[in-house]
Amino acid sequence: MYYRNGVLWESFFKALGMDYVLSPKTNKGILERGSAVMADESCLASKIFMGHVVSLLDRCDCLFIPWLSNFGECGINCTRFRAFPAMTANLFRDREPRILTYAIDYSGTQDMKHAGDEETAFVSMAKALGKSKKQVRLAYREAKEKAERAFYEQRERTQRLADGDGKKILMVGHDYCICDDYIGKPILEALKGYGVTVIDANHVDRAEAQRDFLQLSDGTLPWIVSRELLGGIVHFRDRVDGIVLLTGFPCGPDSIVNDVIRREVGDMPILYLLLDGQDGMAGVETRIESFIDILNFRDMGERRNG
Amino acid sequence: MKNAFMGIDVGSISTKGTIIDENDRILCGEYLYTKGDPLEAVKKLLRLLEARFDAENYRIVAIGTTGSARKLIGAVLNAAVIKNEITAHAVGTTNIHPDVRTIFEIGGQDSKIIILRNGVVTDYAMNTLCAAGTGAFISNQAARLDIRVEDFGGIALRSTDPTPIAARCTVFAESDLVHKLQIGCSKEDIAAGLCRAIVLNYLNNVAKGKKIEPPVVFQGGVSKNIGVVKAFENETGYPVIVDENGHLAGAWGAAILARRAGIIRPFDFRITDVELKITGKSCGRCANNCEVICVYREGALVDSWGNRCERGSVTA
């Protein structure tokens, strides 16, 4: 979620004049430490998350783990995000880590203390932060503005890439997979090595995506990010040559959504990459290389037959 | 002296090689088991090919490699082309069957479907990185049933009532299989059940959403299993073509790609006498601890790869 909210969070703490440390880029060591503490059946991303927690335990006074659960009409997050603050406290109870959190949960049940909008959720952290409500409110507003602007600029950049020339593929996956240095980055690099432009399906106007996803799925699809990714496909599909689905094993939402994509997105090559922290890149290389070949074959075929 | 081109396909289970002339016709082809040692398998393969190669009239001017060990063998043999097996298979198969529209391929640890229209690949899919329902799976289950892999298909054909078996995962299938044996199902029925399970697993996963149209060509080691072929025909309703040279399609394609590449790199069979060594070492310079693969010829480094960053690069 850092890749989604990083600017907001960092700007927020900066505006309050508070020091923060970020966990290092994901590497094999982080995945191994995370795998050691998480239940074996957990997904790759949550193992990586816990690995990052381990890397921070001795480096800070307090762990910031937002509780990003239910976004009302926009959909929900996977259950793991609901669980992370409590799971972290429980897994490391011997160390008694202090956890700072805010809750996004529109589920409407009365016992949810902080149910409500994002600003209210941030303000509820005032006491824990040792700041006044007003200070926190102002810091949030400043940070939110920066975050919105940064995301707008990111979308504009992606938009220009999508409008540009050359072979383009749409990368569909959670940004914690795509942007991760250990799982997603090597794949992005490999694709770029073949000279293709990678378009990140996350970079769409979220309100627009919330409408567009209905072209590929019905409204019962619960997950907010999955909806946005489907919206991203609708937004970009006419401008790309193929789609790469990137999933960390085992992902519940993706197992359903990837199937929807393969059924609903018509005549377009789709590469489905399911990653589980394999060491060897050979299997992935084979798939990417052949995928690029197919894109080129199609081009040749169109020229020959057209 | 005429030009010839060699294609080598080194898979997890078997190693295949062909030598073709300038018209893409096979001059000779060989096939053997990799047995976990791709380098030794390729040396053996080269000796077999050499024995059948007409060295008086032809000389090999370029090599193409494919299969999971393509990079390794490509480095050792100084290949002109190193190509993934999907492309190699498509090229090799369209050469045999120009009108093919669907290629099923099930190998040792991969399975794929390739869709072609008008001789051009338009779509494909591959199994996820899990090897369920591939050759490795059949070998495992054959061993459990105490049947030779070669006999498996024939035994399956004798069944009149295939036993339903879950083939999604090798481990689950195995416990399912043990249970079915215990309740008295015959080996024939279980073998037929496994063949059917492999086909259903393939059609529901690898081939999901792909439009299967005839002619259908079935390749890869598993295509030698007549039980699986029959199960494919039953489930798809189309005749399934298995070629005598189907197992060589990847190697053939690699040879054709080497010819098309137009790069001349003469090859000498004496390489089989040269000392070759491959090492896979953990780098240890950072937490990623990449496995760096180095290829040595007569003690000198030929190539290395596997490192995610500069720190792990190995130079001579």
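**Exercise 1.** How many residues of domain 1 of chain A are in contact with residues of domain 2 of chain A?

*Solution.* Start with the ground rules. This is a predicted model: local features need pLDDT of at least 70, side-chain atom pairs count only at pLDDT 80 or more, and totals for chains, interfaces and linings use all residues. Residues are numbered from 1 along each chain as its sequence is written, chains are lettered from A and ligands numbered from 1 in the order in which they are written, and side-chain values use heavy atoms, with hydrogens and water left out.

Step 1: take the bounds. Domain 1 of chain A spans 2-144 and domain 2 spans 164-305; such bounds come from an automatic or database domain assignment.

Step 2: apply the contact rule, heavy atoms within 4.5 Å. In domain 1 of chain A 21 residues qualify, facing 23 residues of domain 2 of chain A.

**Exercise 2.** Work out the buried area between the two domains of chain A and its leading contributors in domain 1.

*Solution.* Buried area is the accessible area (1.4 Å probe) that two parts lose on being put together, summed over both. Domain 1 and domain 2 of chain A bury about 1900 Å², with 60% of it on carbon and sulfur atoms. On the domain 1 side of chain A, the most area is lost by A:Tyr3, A:Arg4 and A:Leu44, together 36% of what that side buries.

**Exercise 3.** Find the salt bridge between the domains of chain A, then count polar contacts.

*Solution.* A salt bridge needs a side-chain nitrogen of Lys or Arg within 4 Å of a carboxyl oxygen of Asp or Glu. The count between the domains of chain A is one. A:Arg4 pairs with A:Glu228, with closest N and O atoms 2.8 Å apart.

A polar contact is a pair of N or O atoms within 3.5 Å; within protein, one must be able to donate a hydrogen and the other to accept it, and residues adjacent in sequence count only if both atoms are side-chain atoms. Nine residue pairs (both at pLDDT 80 or more) are in polar contact between the domains of chain A.

**Exercise 4.** Describe the interface of chain B and chain A.

*Solution.* Chain B gives 25 residues to the contact and chain A gives 30 residues. The two chains bury about 2500 Å², 50% of it on carbon and sulfur atoms. Four salt bridges cross this interface. One of them joins B:Lys208 to A:Asp259, at 3.0 Å between the closest N and O atoms.
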